[in-house]
Amino acid sequence: MKWLFVGDASNMHNTLAAGLRSRGHDCVVVSDGSRWMDTARDVDLTRGKGVSGTVGYVARLLWHMRSWRGYDVVVLCGHHFLSLKPARLRPVLDTLKRNNRLVVLSALGTDIVYYRACHDGVTFRYSDYRLGDKPSPYVGSNEYHAQHQENWQLPSMVRYGEHLLDTIDGAVTALYEYHAAYEAQAPDIPLAYAGIPIETSHYTPHTAYNGGLVRFFIGVQRDRTVVKGTDRLLEAARRVVSRRPREAELIVAENVPFERYVSMMSDCHVLLDQIYSYTPATNALLAMSLGLVAVTGGEPEYYDFIGERELRPIVNVDPTVPDDIDRRLEWIVDHRDELTSMGDCARHFVVRHNDVSVVVERWLNFINNLCERNR
């Protein structure tokens, strides 16, 4: 089949396209390289700054759109698959739908469905937005307002989101959270879980602990620290390292390109990722494939969802419990002799559940079922 991926996030669609190509499919990936990550793509659509950047972006988009027809599958990277406002995205969406066979949403980020689920008081015990019945630290922060999170409630945003849901032929979820949200808030949309693809064969574990300092690693995105709880992880890690300087150290990477980021991470033992998730996302899965121990989402709901009864490699933090992060990091330092076996378990987990071949197979099963349904 011919596949067109419009947009990418943390190299996910580029990895999926590579897996599909190995199965004989033709794929084109259109993206901005996930901004500073500068991930690979076939068509570059990076939006520059100012008026000239906008004009150039729209001109290149219109030029490329002439060839975006005749595809068997068009995969959209979330609701905002291009750097355009909803009023501009809607005609692009309609054109893609009119000129191609299937349009499928890759549900992998915040949209009106996930936003509603996070606020319904039922779907999640906690989320980016709420910890139990209280707002999370993200809500009301400068970061929250800078990212215009309140816009998800605007009539124009809701109208566009609902139009997209009416337009797509189905949705494929990247994480348990998004799957749970779509089941709760958009039950009529054909849905499948595929997970995030990791090319595990490209990453050789070489982070076995052989004594010395436990190296904690954290990647900081300047504009996304509060939403993920990275700020709390960073503060806790600094406290632990300051208390135990002869046993642990902290390596921080801030907005570095993807290849450099992987290189830095591969020399460490423990990744500090995020605390408001139920599920390991791209960053954690990549680290686990390298043999690192990941401090990230690993809730019972996730393990039950994927049917995993044996491998439990994730160090899960409860964001609703004060000082839980410090206790978990202290535990890692105290049990550092177990880091190698924990890293081996993490690698095995990713190969079993998120290797690109596994994720591709899930995608193909879903697309084939959609094709049968739409005949």
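## The second largest pocket

Helix H1 gives the largest share of the lining of the second largest pocket, with three residues. This is a predicted model. The pocket has a volume of about 220 Å³. Its lining counts 16 residues, and the closest to the centre are Asn11, Thr15, Glu199, Tyr203 and Phe258.

What classes of residue make up the lining of the second largest pocket? Seven are nonpolar, six are polar and three are charged.

## An open sheet of four strands

Four strands form an open sheet. Their order is S11-S10-S12-S13, and the pairing is parallel. Which strands stand at the edges? They are strand S11 (248-254) and strand S13 (293-295). Each has a single partner strand, so one side of each is left without a neighbour in the sheet. From one strand to the next, the twist averages 25°.

Look at one pairing in detail. Strand S10 covers residues 214-220 and runs parallel to S11, joined by seven bridges. Within this pairing, valine 214 stands opposite alanine 248. In general, strands of a sheet pair through backbone hydrogen bonds, either parallel or antiparallel.

## A covered strand

Strand S5, residues 102-107, is mostly covered: six of its six residues are buried. Both faces are covered. Leu102, Val104 and Ser106 lie on one side, with Val103, Leu105 and Ala107 on the other.

S5 also has a parallel partner. Five bridges join it to strand S4, residues 73-77. Here cysteine 77 stands opposite serine 106. That serine is one of the buried residues of S5.

## Aromatic pairs

The structure holds 17 aromatic pairs. One of them joins tryptophan 3 and phenylalanine 5. The pair is stacked, with 5.9 Å centre to centre and 10° between the planes. Are these two residues buried or exposed? Tryptophan 3 is buried, at 0% relative accessibility. Phenylalanine 5 is buried too, with a relative accessible area of 0%.

Tyrosine 129 and tyrosine 144 meet in another way. Their ring centres are 6.5 Å apart and their planes stand at 85°, so the pair is edge-to-face. Tyrosine 129 lies in the loop between helix H4 (112-119) and strand S6 (130-131), while tyrosine 144 sits in helix H5 (residues 142-146), so the pair ties together parts that are 15 residues apart in sequence. Tyrosine 129 has 1% relative accessibility and counts as buried. Tyrosine 144 has a relative accessible area of 8%, and is buried as well.

## An aromatic cluster

Which residues form one aromatic cluster? They are Tyr114, Phe124, Tyr126, Tyr176, Tyr178, Tyr193, Tyr278 and Phe305.

## A buried loop residue

Isoleucine 196 belongs to the loop between strand S9 (191-193) and S10. Is this isoleucine buried or exposed? Its relative accessibility is 5%, so isoleucine 196 counts as buried, for which the cut-off is under 20%. In sequence, isoleucine 196 and serine 266 are 70 residues apart. In space, they are 20 Å apart, C-alpha to C-alpha.

Key:
Residues numbered from 1 in each chain as written. Predicted model: local features only at pLDDT ≥ 70, side-chain atom pairs only at ≥ 80, totals over all residues. Heavy atoms only, no water. 1 Å grid on protein atoms, 1.4 Å probe; cavity = no way out; pocket = protein on both sides within 12 Å on 5 of 7 lines; lining within 4 Å. Points joined across faces, edges and corners; volume = space filled by probe spheres on them. Helix = DSSP H or I, 4+ residues; strand = E, 2+ residues; numbered from the N terminus. Nonpolar A, V, L, I, M, F, W, Y, C, P; charged D, E, K, R; others polar. Pairing = 2+ DSSP bridges. Axes fitted to C-alpha atoms, helices over the stretch in contact; angles between N-to-C directions. Phe/Tyr/Trp six-rings, centres within 6.5 Å; stacked < 30°, edge-to-face > 60°. Buried < 20%, exposed > 50% of the residue type's maximum accessible area, 1.4 Å probe, protein only.
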